[in-house]
Every structure is written in C-alpha cells, then in structure tokens.
Amino acid sequence: MKENLVIPNHVGIIMDGNGRWAERRGLSRSAGHKEGAETLKKICLYAESLGVKYLSIYAFSTENFKRSKAEVDFLMNLFIEKFTKEFQEIIDHDVKVVFSGRRSPLSKKVLDAMDQLTRRTENNTSLVLNICLNYGGQIEILDMVKKISEQVLNHKISLDDITLDIVSSHLYQDLPPLDFIIRTSGELRLSNFMLYQASYAELYFPKTLFPDFLENEFMEAIVEFNKRIRKFGGNV
Ligand code: IPE
Ligand code: IPE
Ligand code: MG
C-alpha cells in the first residue's frame, strides 16, 4: 500500500499545540516549544525521505508578538540556537532552507542566524524547507501589492503585464501551490498561514499536539491525503 502512495509536492504544517503539550505534563510552555523543535527535525527528514519536495512550516506568526515577552524571547533564542547549531543533520540531507516573513522587527541576531542558514544551504537540492517566521498571510499579500505597484509606478512593468506568475514571484518565496496543509492540535483554522498558496490545498486537522506528531502520524496524514479526490473546480 505504502509503495503506491501519492506524495504531495508541497506540504504545509501549522505546528500548533506546543503549549498544551507542556501544560499537560506540568512543564513550562518553553519545554513544549523545545520538544516541538525536535519533532520538526524528525518530520523534515522523514518528509524528505518520502519524496516531499517543499515543506512549509509555521514557526512564528506576526500575531505571535502578542504573547508575553518571556515567551517571545524564548522562541527567538530557540530559533537562533537551532539555526546556528542544530540544523547540521538537515543540511547533511541536502535540504535547502528559505524563510518567509517580514524582517522587521526581528533582532539582528535572529536575522543573522536566518541569513547564515539560507547561505549555507542555498545550493542544496533535495527538499526546500520554507520556514514562516514573523509571517502573516495578509501582510505577505500586502507586501506583494506594494512591490508590484512600485514597479508599475516606475514604468518597469505595465498593468497588463501583471499575471498570476508575476504575483507568485513577488511573494516572499516563489513556491508551487500548497497541496496539503496539516494543522495539529485540533484547531480548525488557518490563522493567517499562506492564504494565497492555500487556494486548493487539502486540509487535515489531527488532534495530536505538535510535539507528538512523529513519523507514524505524518504517514497517517499522507494516507489521508491519498483518500482525497482533488477536483480543482472541474467535475472529476
Ligand atoms: C505553536 O504552539 C507554536 C507557536 C505558535 C510558536 P502554541 O504555543 O500555540 O501551543 P498552544 O496552542 O498554546 O497549545
Ligand atoms: C498559529 O498558531 C501560529 C503558529 C503555529 C506559529 P497560534 O496558536 O498562534 O494560532 P491561534 O492564535 O490559536 O489562532
Ligand atoms: Mg496555539
């Protein structure tokens, strides 16, 4: 059965439930984020081994700045630590890391860690890992409109030149459409995740909290994807 599975080209994961995972164990929310980062590494390597070509993950939303300073600081330090020290296994598997999101108001330390990781992996050719950090789907669309408007105002392109390809190439990353979005922890919403790229994605909402979303659960998700009939507006 597993040999015949269709592997989605572009998978998105809204990694939700780290806080609840920790609270249920009487641990601090930080412990949940730490465990979530371990899970992410495993899932990234597993997805690559299955033949997923693009994996987009929601690490930090523009709205997550509403959380306590202590939690935001912990997450920022976790990003720095992971990007600088612990991505070696992912790099060894030829994964190319790219980032989506606004740079401001991220600190120089976080930005340097992101830029270094991008540079270190830019020639890798297996899976593209798109990390959405300080990312909001609406702001991505707003930023795209501004970039294209500027080109029109500077007479670099005319209104008639604006096609869907032009739109896609002015988003943070020029990625293929999402085929499958997984949101862990049972919440049934997108929370501003890749709104443009999600147009025809199949959605899946397992109840599992993200730190527990390991290889078996990812395989179950792929099996679920294979049960879906994708129609793209036609009458299959
Ligand atoms: C997702 O887990 C991780 C981030 C948003 C960074 P949460 O921190 O949202 O976990 P819950 O929803 O409180 O359980
Ligand atoms: C979405 O989760 C953002 C990330 C997973 C990074 P949230 O926990 O922030 O979303 P809401 O607030 O429940 O919608
Ligand atoms: Mg949450």
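Let's start at Pro105, which sits in the loop between β3 and α5. Here helices are DSSP runs of H or I with at least four residues, strands are runs of E with at least two, and both are numbered from the N terminus. The peptide bond that joins Ser104 and Pro105 is cis, with omega at about 10 degrees.

A quick word on what you're looking at. This is a predicted model, where local features need pLDDT of at least 70 and side-chain atom pairs count only at pLDDT 80 or more, while totals for chains, interfaces and linings use all residues. Residues are numbered from 1 along each chain as its sequence is written, chains are lettered from A and ligands numbered from 1 in the order in which they are written, and side-chain values use heavy atoms, with hydrogens and water left out.

Now go to the other end of β3. In the loop between α4 (88–92) and β3 you'll find Asp94, whose phi is near 65 degrees, a positive value in a residue other than glycine. Asp94 is partly exposed, at a relative accessible area of 29%; that label covers what falls between buried (under 20%) and exposed (over 50%), using a 1.4 Å probe and protein chains only. Asn134 isn't a glycine either, and its phi is positive too, at about 55 degrees. This one belongs to strand β4 and is buried, with a relative accessible area of 3%.

Next, have a look at helix α3, residues 69–85. Among the buried residues of α3 are Leu75, Met76, Phe79 and Phe83. An α-helix has 3.6 residues a turn, so residues three or four places apart point the same way. The cover over the buried residues of α3 includes α2 (29–50), β2 (54–61), β3 (96–100), α5 (108–121) and β4 (128–135), with contact meaning heavy atoms within 4.5 Å.

Leu75 also takes us to ligand 1, as one of the residues around it, along with others including Met15, Asp16, His33 and Asn64; to count, a residue needs a heavy atom within 4 Å. Arg20 puts a polar side-chain atom 2.7 Å from an oxygen atom of ligand 1. For Arg29, a side-chain N or O atom is 2.9 Å from an oxygen atom of the ligand. On its own, ligand 1 has 380 Å² of accessible area, and the protein covers 86% of that.

Conventions. A polar contact is a pair of N or O atoms within 3.5 Å; within protein, one must be able to donate a hydrogen and the other to accept it, and residues adjacent in sequence count only if both atoms are side-chain atoms. Accessible areas come from the Shrake-Rupley method with a 1.4 Å probe; for residues, only the protein chains shown count as cover.
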